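Take a look at the fold below. Keep the sequence at hand as you read.

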Amino acid sequence: MRLDLADLHLFLCIVDAGSITAGAQRASLALASASERLRNIEKAIGVELLERRSRGVITTEAGEALAHHARLILRQQEALKSELDDYTKGARGTVHLYANTAALTEFLPSRLAPWLAQRPRLRMEIKERTSADIVRAVASGLVEAGIVSNAVRAEGVQLRVVAEDHLVLIASQVCMSGFRREVAFSDILTLPFVGFYQGSALQDHIDHHAQNAGRPLDIRIRMNSFEGLCEMVAHGVGVGIVPRSIAKRYRRRHSLRVFSLIDTWAKRDLCLCLRSWDELSAPMRSLLTHLEDGAAEQEAGSSISDGETKF
């Protein structure tokens, strides 16, 4: 027995209409074609499905069984089509994204929340990695896209700026009294530091530049949150390096002093990192479009504001 979806659709049209003629019209078929197809269906099954009467047709017991299962199959087919359409539109599936520390803690939550809330069937898996690790993962095809600092070497990938992410030095009110508001990283390497937890992408990034400068950081304590780090710094435990957005948030609460870092690697932007837009899945393309649109809206808003807070 071989029945396709068109056969089942025609049969249900005839059953629901109670007439082969009316059923053929519902199925957009000529009466002769519908009648021939119905005969082939009954021949393939080997049993009469409809009882022909002067005023139309009614289902036999076998016809009732076929109609029942045909409705189930066509409903399942419609559900499958709807689900696959969701994948095509980027409304269903799992999006895997790599992000550096600043993107994960500051940039993504407010940008990602409204987008994800509108897609209840979509799941996100975000992993924290250093920008260098993310570039390698994207370039090798291990992950579709990530969010990185533009201070990293970006070979084999595209970078699209979505937010400013300059790093700054924070200190207590009694610390660094002899320093100007702009400092070089090499000038503060002898100071005690408050760092992030082991495995933090941002801390790995800072440690890498300390090693390049020839002096590992003197980290007195490691914290697992920006707020905890800022509180330690405010009490004079050590200095810290955080994104400027973090310094703005906690500066007044903890009476912090903020210093700009003049090093090129500290004057960075957050960027989308991808190999090719055409290679992205529909959900990822939708997400990155949303993040880029949000960046454009923020830039437009900032151009008419009173200006950025100065340290």
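Predicted model: local features only at pLDDT ≥ 70, side-chain atom pairs only at ≥ 80, totals over all residues.

## The five-strand sheet

Start with the open sheet built from five strands. Their order is β4-β3-β5-β13-β6, and the pairing is mixed. Strands in a sheet pair through backbone hydrogen bonds, either parallel or antiparallel. At the edges stand β4 (122-128) and β6 (158-164). Each has a single partner strand, so one side of each is left without a neighbour in the sheet. On average, neighbouring strands here are turned by 25 degrees against each other, direction ignored.

Now zoom in on one pair. Strand β5 (residues 145-149) and strand β13 (residues 269-274) pair in the antiparallel sense, over five bridges. Which residue of β13 is the bridge partner of V148? The partner is C271. A helix also packs on this sheet: α6 (residues 131-139) touches β3 (93-99), β5 and β13. The direction of α6 makes about 150 degrees with that of β5.

## The four-strand sheet

Another open sheet has four strands, in the order β8-β12-β7-β11. Its pairing is mixed. The edge strands are β8 (182-183) and β11, and each pairs on one side only. β8 and β12 run parallel and are joined by two bridges. In β12, L261 is the bridge partner of V183. Helix α8 lies across β7 and β11. It runs at about 140 degrees to β11.

In soluble globular proteins, nonpolar side chains tend to be buried together. The largest nonpolar core of this model has 36 residues. L169, I170, M176, F185, I188 and V242 have the most contacts inside this core. Several elements give two or more residues to it, among them β7 (167-171), β9 (192-196), α7 (201-212) and α8 (226-234). Which element gives the most? That is β7, with five residues.

F185 shows how such a residue is surrounded. Leave aside its neighbours within four places in sequence. F185 is then in contact with F193, I206, H209, A210, L217, I241, L261, D263 and W265. A second, separate core has 22 residues, including V95, A99, A163 and L280.

## The second largest pocket

Rolling a probe the size of a water molecule over the atoms shows where empty space is left. The second largest pocket has a volume of about 390 Å³. It is lined by 19 residues. Nearest its centre lie S131, A132, V152, R153 and H205.

Both α6 and α7 supply at least two residues of this lining. The largest share, six residues, comes from α7.

## Two arginines

Is R268 buried or exposed? R268 has a relative accessible area of 2%, so it counts as buried, the cut-off being under 20%. R268 is found in the loop between β12 and β13. Leaving aside neighbours within four places in sequence, its contacts include N100, S149, E164, D165, L202 and H205. H205 is also among the residues nearest the centre of the second largest pocket.

Compare R75, which sits in helix α4 (residues 61-89). R75 counts as exposed because its relative accessibility is 52%, and exposed means over 50%. How far apart in space are R75 and L10, C-alpha to C-alpha? The distance is 15 Å, while 65 residues separate R75 and L10 in sequence.

Notes. Residues numbered from 1 in each chain as written. Heavy atoms only, no water. Core = buried A, V, L, I, M, F, W, Y, C linked by side-chain atoms within 4.5 Å. Buried < 20%, exposed > 50% of the residue type's maximum accessible area, 1.4 Å probe, protein only. Contact = heavy atoms within 4.5 Å. Pairing = 2+ DSSP bridges. Axes fitted to C-alpha atoms, helices over the stretch in contact; angles between N-to-C directions. 1 Å grid on protein atoms, 1.4 Å probe; cavity = no way out; pocket = protein on both sides within 12 Å on 5 of 7 lines; lining within 4 Å. Points joined across faces, edges and corners; volume = space filled by probe spheres on them.
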